Amino acid sequence: MARRIRKKRKVLIKRMRRHLLFLLILFSLGFAVIIGTVIYINVAKGDRYSQKVLSQKGYESISVPFKRGDIYDRNGSVLATSQKVYNLIIEPKNILEFDYKKEATAKALNKYFNVSDEEMAGYMQEKDSQYKVIRKKLTFDEVRAYQSDLRAGKLTDVVGIRLEDEYQRLYPNNELACHLLGFVVSGNEGIGGIEGSYNSYLNGQNGRMYSYLGQDYNLQRNLEPANNGCSLVTTIDSEAQRIVQTKCEEFMDDMGAKNISVLVMNPKNCEILALYNSHQYNPNNAYSMESTRYQFETDGPISDDEFKRITKNLTDEESVEHLNDVWRNFVISDSFEPGSTYKTFTVSGAIEDGVITGDEEFYCDGLQHVADWDIKCHNVYGHGMLTVPKALEYSCNDCLMQIAALEGSAIFDKYQVLFGFGQRTNIDVSGEPSEDDLYSMVYHQDTLNPVELATSSFGQGVTVTMMQLGTAFCSVVNGGYYYQPHVVKQVLDADGNLVENYDKILVRRTISEETSEQMKYILKEVVEEGTGKKAIVEGYEIGGKTGTAEKLPRGNGKYILSFIGFAPVSDPEVVIYCVVDEPGADDQASSAAGTVLFNKIAEELLPYMNVYRTGDATPSDADSMDEIATPVFEGNAPEISVAGSTPEENAQPASPTDSSGH
């Protein structure tokens, strides 16, 4: 019996061994297949699957912001820069993973960033979030302590906190040169001025930081650095700009005006040294409605409560419309009738084309009968016989109409075009009107009928921008060279290497050296003996021309007063063009506001610019040349008296008052 049992056991064991051997062979074959497959995949497709595995283990991509380029004045002073700031980011999901780390993180946030327990509890409600911005635009001083302790290893239990870099545009001088600079909105988008025109140069390209878990589960990082933007060296002189701003603010306090604009240029290359408009804004906070306050002041200053009430009820569209009026650059964007400053170009063209020599005499009896109209001089009694220089000294409309009649429409328009009127100057900051719009603002040969030719000769009926007239005037006094006006001198890369250099760009010749020399001394006489006496600065040799033009509709008693002058006469180094819109005087037309403002600016600006004292003229309080303006037209003006205007814009009040091209 026992033997039989042992025999059965042996048979069973033998059978089990066969089964085990079979299973062993089967599993071995299976493992061999698996290993073979793994080897095949690793060899044939390993890289692709490795990337998939790594991406599943965890991957993060963070943008590294570029630094927008700086803007400097001609002497290296910073006008605009980008300051690094920090956004505080927390990761609630990671913070909540361990209670003791949550507590340490909360204490750190409270200590370094003043995050209260209530705030923290609110943030932690977003349990699955790994990205929440809780503080924006922190300065370096505000993050210094946290970063220092983090580097020192004092925050080992703190998790889920990080700082992201960002750049904030900063204008150290606040309002100074705001209309030249413009400003920047979110997304590093430049608006207006240099910021807008040179946006593509100033902007760089963001970099990127890639973070992921490697095959050994260690954190791997890869950095593609940002490419910072280029910087700009401008023609602006900060101190000249400051002088202009200070003097204009003093003038506004003393006399007042609807607007004051000033343009300062180097006539030798048409670089813009300073540009000012009286209603300024702070580009650090360009959307502040505070800069629009003047628009709501009708009968004096407006109270804070009333101002807040009005602006609070404005729609977004209305607010932006009011802000656009502040941001608008009058010097470049707005057109107006220049008045008698335009006579400079009438005489220059006539001398250059040989129509006159400058030695002729013309008789002024107080008016010229042109077509069906009697067009008056500002001196209704007449100036009598005047030479060409005297005609400009006395700003005689009658003599200028006679000179223009000798030129004829073809020659007159030829010089309008040469001097750039009706065209873009192509100044390198935004805001200049289109070529079509500018073309319509002056009468050309086909529309210069006798009346239009007569009034255009003394600067009424035509409209210009300050930039057009300032650039043209530079060519009159610099030898006849019309240069493209510009604000940027150089483009530098992020390392300070020169990328582009903008030298003076000669566009064309307007008049000859001989005519220019003759005009300089005629304009000197205007200041020393004529209507520009109030521009005299003791010891300086100054030339220039006054301008007075009545605004539409005719007969409203509202005027734009201007003066454009240069120094020294023998070798001009600076041109200063002052325009005062509706000066705060009982008799605007005879206030000499533009000339007085020029004098105030030149007194301080000329010494600063090291302009030599080469003149012997002394300031005069004489006002004999400040004639009271009279209507240009006998009776009502023609239905259309300004190029590009409509009858409605020219409409006169029932009882017309004075009008002048003085």
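In the hairpin formed by S15 and S16, where two residues lie between the strands, Ala-371 takes a positive phi near 55 degrees. Here strands (E, at least two residues) and helices (H or I, at least four) are DSSP runs that are numbered from the N terminus. Strand S15 covers residues 367–370 and strand S16 residues 373–376, and they pair in the antiparallel sense over four bridges, two strands being called paired if DSSP finds at least two bridges between them.

The structure is a predicted model, in which local features need pLDDT of at least 70 and side-chain atom pairs count only at pLDDT 80 or more, whereas totals for chains, interfaces and linings use all residues. Residues are numbered from 1 along each chain as its sequence is written, and side-chain values use heavy atoms, with hydrogens and water left out.

**The chain as a whole**

The protein chain holds 21 helices and 25 strands. Of its 662 residues, 50% are buried, where buried means under 20% relative accessible area, exposed means over 50%, and partly exposed lies in between (1.4 Å probe, protein chains only). Its accessible surface comes to about 31500 Å², and carbon and sulfur atoms account for 49% of that area; such areas come from the Shrake-Rupley method with a 1.4 Å probe, and for residues only the protein chains shown count as cover. Among the contacts in the chain with a separation of 6 or more, 74% are between residues 24 or more positions apart, a contact being heavy atoms within 4.5 Å.

An open sheet of five strands runs in the order S12-S11-S25-S24-S23, with antiparallel pairing. Its edge strands, each pairing on one side only, are S12 (271–277) and S23 (543–550). From one strand to the next the twist averages 10 degrees. Strands of a sheet pair through backbone hydrogen bonds, either parallel or antiparallel. Inside this sheet, S24 (residues 559–567) and S25 (residues 574–583) are joined in the antiparallel sense over eight bridges, and Leu-561 has Val-580 of S25 as its bridge partner. The loop between S24 and S25 contains Pro-568, which is joined to Ala-567 by a cis peptide bond with omega of about -20 degrees.

Helix H9 packs on the sheet, where it touches S11 (257–266), S12 and S25, and its direction makes about 25 degrees with that of S12. Helix H19 lies across S23 and S24 and runs at about 65 degrees to S23. For these angles, axes are lines fitted to C-alpha atoms, for helices over the stretch in contact, and the values run from 0 to 180 degrees between N-to-C directions.

Residues making the contact include Ile-243, Val-244 and Phe-251 of H9 together with Val-596, Leu-597 and Tyr-608 of H20. In total the contact residues divide into 11 nonpolar, no polar and four charged, with Ala, Val, Leu, Ile, Met, Phe, Trp, Tyr, Cys and Pro counted as nonpolar, Asp, Glu, Lys and Arg as charged, and the others, Gly among them, as polar.

H13 likewise passes H19 in a right-handed crossing. There Thr-344, Val-347, Ser-348, Ile-351 and Glu-352 of H13 meet Thr-515, Gln-518, Met-519, Ile-522 and Leu-523 of H19, and these residues divide into five nonpolar, four polar and one charged.

**Two loop residues with positive phi**

Asn-188, in the loop between S6 (183–185) and S7 (189–191), has a phi near 55 degrees, a positive value in a residue other than glycine. Because its relative accessibility is 23%, Asn-188 counts as partly exposed. Ser-395 also has a positive phi near 55 degrees, and its place is the loop between H14 (388–393) and H15 (397–418). Ser-395 has 0% relative accessibility and therefore counts as buried.

Notes. A crossing is left-handed if the near helix is turned anticlockwise from the far one by less than a right angle, and right-handed if clockwise.
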